[in-house]
Amino acid sequence: MSLGTNNIDLQAQAVALDSAARERREIDPPQQACTLAQAYQIQRASIARRHQRGEQPIGIKLGFTSRAKMVQMDVDSLIWGWLTDAMLRADGGTLDLSDFIHPRVEPEVCFLTRRVIDRSLTMLEAVAYLEAVAPAMEIIDSRYRNFKFALEDVVADNCSSAALVTGAFSDDFRNLVNRGVAMRFNGHAVQLGSTGAILGNPLRSIVQASQLLSQAEMSLPAGSLIMAGAATAAETLTPGLHVATEIGALGRVEFFVGQLP
Ligand code: OOG
Ligand code: MG
């Protein structure tokens, strides 16, 4: 990959972020700011490295689709990144903290697509492109020191993607709006919110995703996951926790956090 117009070595930044993720090491954001377009190029180059190692693409994620997340991270624009099979963790399973740097968890809604998304969709069309929906949690793990970054930095870092857990999928899309969201650590609520916090309606994430894909001249195959973005702020994971999220009619998803060796 060539140098950017401002002489930023995009490939070198992709390698730095990918290595930091593999070695579970924090790095400082680059001194010189890149453009948003360059940040997405860095993101693609770092994801390409994962694919070269055999990781399979499984879908995309949206970030900062709720005010709560924008406020927590002090950014103001929706972003998107890529998910691979290596990020999947089992519902009810145990998360190994040594896979991460300083992981946080956030409650999300996850969609499974039924048709290839290869153009901009409207709200009315969205459901026809979907197979199912599930309660989910995303484990984010910024590769930047202290989880501090500018918008371009977090985009380059594949939007802090690290892992995801999905609950049971259902094909009932009628009960997605203004449903209660509760994330509990050892039975105590640590975040309470509503699915309405996600773009007013989580289905709008499908419309947004379709627009982002079409702007990037990309398509998303049928059978892909789309993580709609967190409904609340994220919480830091610590050893020994039981983490559960319940979302209205969608049900529950949970995992345990292992003890450190
Ligand atoms: C960036 C990822 C944001 C969401 O759901 O809003 C995100 C971060 O907070 O580090 O995944
Ligand atoms: Mg998220």
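## Close-up views of the predicted model

**Figure 1. Lining of the largest cavity.** Strand 1 supplies three residues to the lining of the largest cavity, the largest share. Strands (E, at least two residues) and helices (H or I, at least four) are DSSP runs numbered from the N terminus. This is a predicted model, in which local features need pLDDT of at least 70 and side-chain atom pairs count only at pLDDT 80 or more, while totals for chains, interfaces and linings use all residues. Residues are numbered from 1 along each chain as its sequence is written, chains are lettered from A and ligands numbered from 1 in the order in which they are written, and side-chain values use heavy atoms, with hydrogens and water left out. The largest cavity holds about 110 Å³ of space. Its lining comprises 17 residues, with Lys61, Phe64, Lys69, Glu106 and Cys159 closest to the centre. At least two lining residues each come from strand 1 (57–63), helix 3 (67–73) and strand 6. A cavity is a set of points, on a 1 Å grid over the protein atoms alone, where a 1.4 Å probe fits but cannot get out; a pocket is an open set with protein on both sides within 12 Å along at least five of seven lines; and lining residues have an atom within 4 Å of a point. Grid points are joined across faces, edges and corners, and a volume is the space filled by probe spheres set on the points.

**Figure 2. Surroundings of ligand 1.** Ligand 1 has 17 residues around it (a heavy atom within 4 Å). Those that come nearest are Lys61, Phe64, Lys69, Glu106 and Ser160. Oxygen atoms of ligand 1 are approached by polar side-chain atoms: 2.7 Å for Lys69, 2.8 Å for Glu106 and 2.6 Å for Ser160. Each is a polar contact, defined here as a pair of N or O atoms within 3.5 Å.

**Figure 3. Site of the magnesium ion (ligand 2).** Glu106 (OE), Glu108 (OE) and Glu138 (OE) are the protein donors, lying 2.0 Å from the ion. Donors are N, O and S atoms within 2.8 Å of the metal (3.2 Å for Na, K and Ca); water is not among the atoms, so sites may look incomplete. Along the chain the donors follow the spacing E-x1-E-x29-E. Glu106 in strand 5 (residues 104–113) and Glu138 in strand 6 (residues 130–140) are 32 residues apart, a pair that links distant parts of the chain. Glu106 is buried at 3% relative accessibility, and Glu138 is buried at 2%. Buried means under 20% relative accessible area, exposed over 50% and partly exposed in between (1.4 Å probe, protein chains only).

**Figure 4. The largest pocket.** The largest pocket contains about 250 Å³ of space. Of its 16 lining residues, Ala21, Arg24, Arg50, Asp99 and Ala162 lie nearest the centre. Helix 1 (residues 10–22) gives three residues, the largest share of this lining. By class, six lining residues are nonpolar, none polar and ten charged. Ala, Val, Leu, Ile, Met, Phe, Trp, Tyr, Cys and Pro count as nonpolar, Asp, Glu, Lys and Arg as charged, and the others, Gly among them, as polar.

**Figure 5. The loop holding Asn178.** Asn178 lies between strand 7 (161–166) and strand 8 (180–185) in a loop. Its phi is near 55°, a positive value in a residue other than glycine. At 56% relative accessibility, Asn178 is exposed.

Definitions and conventions
A polar contact is a pair of N or O atoms within 3.5 Å; within protein, one must be able to donate a hydrogen and the other to accept it, and residues adjacent in sequence count only if both atoms are side-chain atoms.
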